[in-house]
Amino acid sequence: MSLGEQRPPSPGRAAGTSVLDAPVPGPAAPPGPSAEPAPEPSLQAALAHVFGGAVVVKLGGRTQEAPGLGAALAAEWGRTGGRVVVVHGGGDAVSELQRARGLVPAFVGGRRVTSAADVDVIRMALSGLANKRLVAALAAAGVPALGLSGEDGLLLAAAPTADARLGQVGEPARVNVALLALLLGAGYCPVVSPVSASAARAGVALNVNGDDAAAALAGAVGAAELFFLADVPGVLVDGAPVAALDPDAAAALVRSGAAAGGMAAKLEAAGRALAAGVAGVRIGDLAALADPTLGTRLTPAAGRTGTATVTLTV
């Protein structure tokens, strides 16, 4: 396969203007047990061109209503030349809808327990309401946002989690990078709900933690940064944000209980992103999104290099 001549990117590309003369090929058949071969050089170069300097922004449920969120993401879209992928959660909306349907929300280690009855609730709350509200907010701010879930185009395929207590929950196993390249290359900002397709059972959806989904997508595109937008200014220790952490220090905070619940899930996902080759991870509030000196920065431990931990389909 080959891709046409590349055009130089322009900041904040308008929807419909592609950096590729030919479409990026669609998803391949699911891989076998062995690793897939690396993309051929021309495709690899084209993907690097589309994803170069990309930023993945993960929005927590409570941050999605923050005043100024649309403007801040629009600024990031312009700063990166139209290379932003937004991933969102929406836990409060899921819990509210569960209670309205007579279901009781439950969590283990900051991750939602998901029964078969919960799956459609999660689809409605995340892939429906939360996703479309974000798309509308970004469009109003001038960002050509396009909403989709991990199920759409098999963007994210997940393997069932090893923790049986969590139920119908998965962990990212495959990322369709061709679909992301197609959307970004055409000038669209993907807004991703983490509800994913099961890699083991066709037609079955699995609930994937939004932090884990963001880490997988960031690793797949080789993101320059994965930014977790939180309702606190960073990882707090004794009430004050920590400027920087390496994976070992982050893991120690989780083990000690100093970081628990949603923050523990973020730190664990950050470690996986760094292991997958993401250059850097930050956790912070809306002010930190615009100011790279703010928030808590997580960087790979000295001497460690990352490799992809999920299969990439091109």
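Axes are lines fitted to C-alpha atoms, for helices over the stretch in contact, and the angle between two of them, from 0 to 180 degrees, is taken between their N-to-C directions. In the predicted model described here, helix α6 (residues 210-221) and helix α8 (residues 261-275) pack at an angle of about 15 degrees, and their axes lie 9 Å apart. Angles under 35 degrees count as roughly parallel, and α6 and α8 are therefore roughly parallel to each other. Their crossing is right-handed. On the side of α6, the contact is made by Asp211, Asp212 and Ala215. On the side of α8, the contributing residues are Gly262, Ala265, Lys266, Ala269, Arg272 and Ala273.

The chain as a whole may be summarised next. Its secondary structure comes to 9 helices and 17 strands. Of the 314 residues in the chain, 48% are buried. Among contacts with a separation of 6 or more, 74% are accounted for by residues 24 or more positions apart. The pLDDT of the chain averages 84, and 82% of the residues score at least 70.

Leu226 has a relative accessible area of 0% and is buried. Val56 is 170 residues away from Leu226 along the chain, yet the C-alpha atoms of the two residues are separated by 4.9 Å. Beyond four places in sequence, Leu226 touches Val56, Ala214, Ala215, Ala218, Ala273, Val278, Gly280, Val281 and Arg282. Two of these partners also belong to the helix pair described above: Ala215 takes part in the contact from α6, and Ala273 from α8.

An α-helix has 3.6 residues a turn, so residues three or four places apart point the same way. Just after α3, Gly102 takes a positive phi of about 80 degrees.

A residue counts as buried under 20% relative accessible area, and Val94, at 2% relative accessibility, counts as buried. Beyond four places in sequence, Val94 touches Arg112, Val121, Ile122, Ala125 and Leu126. Val94 and Asp118 are 24 residues apart in sequence, and their C-alpha atoms are 9.0 Å apart in space.

Helix α5 (residues 177-185) is mostly covered, with 8 of its 9 residues buried. The buried residues are Val177, Ala178, Leu179, Leu180, Ala181, Leu183, Leu184 and Gly185. Just after α5, Gly187 takes a positive phi of about 90 degrees.

Positive phi values also occur at residues other than glycine. Leu154 is not a glycine, but has a positive phi of about 50 degrees. Leu154 lies in the loop between β5 (145-149) and β6 (156-160). With a relative accessible area of 47%, Leu154 is partly exposed. Asp238, likewise not a glycine, has a positive phi of about 55 degrees. The place of Asp238 is in the loop between β12 (236-237) and β13 (240-241). Exposed residues are those over 50% relative accessible area, and Asp238, at 82% relative accessibility, counts as exposed.

Methods:
Residues are numbered from 1 along each chain as its sequence is written. This is a predicted model: local features need pLDDT of at least 70, side-chain atom pairs count only at pLDDT 80 or more; totals for chains, interfaces and linings use all residues. Side-chain values use heavy atoms; hydrogens and water are left out. pLDDT is the predictor's confidence in each residue, from 0 to 100. Helices (H or I, at least four residues) and strands (E, at least two) are DSSP runs, numbered from the N terminus. Angles under 35 degrees count as roughly parallel, over 145 as roughly antiparallel, 65 to 115 as roughly perpendicular and the rest as oblique. A crossing is left-handed if the near helix is turned anticlockwise from the far one by less than a right angle, and right-handed if clockwise. Contact means heavy atoms within 4.5 Å. Buried means under 20% relative accessible area, exposed over 50%, partly exposed in between (1.4 Å probe, protein chains only).
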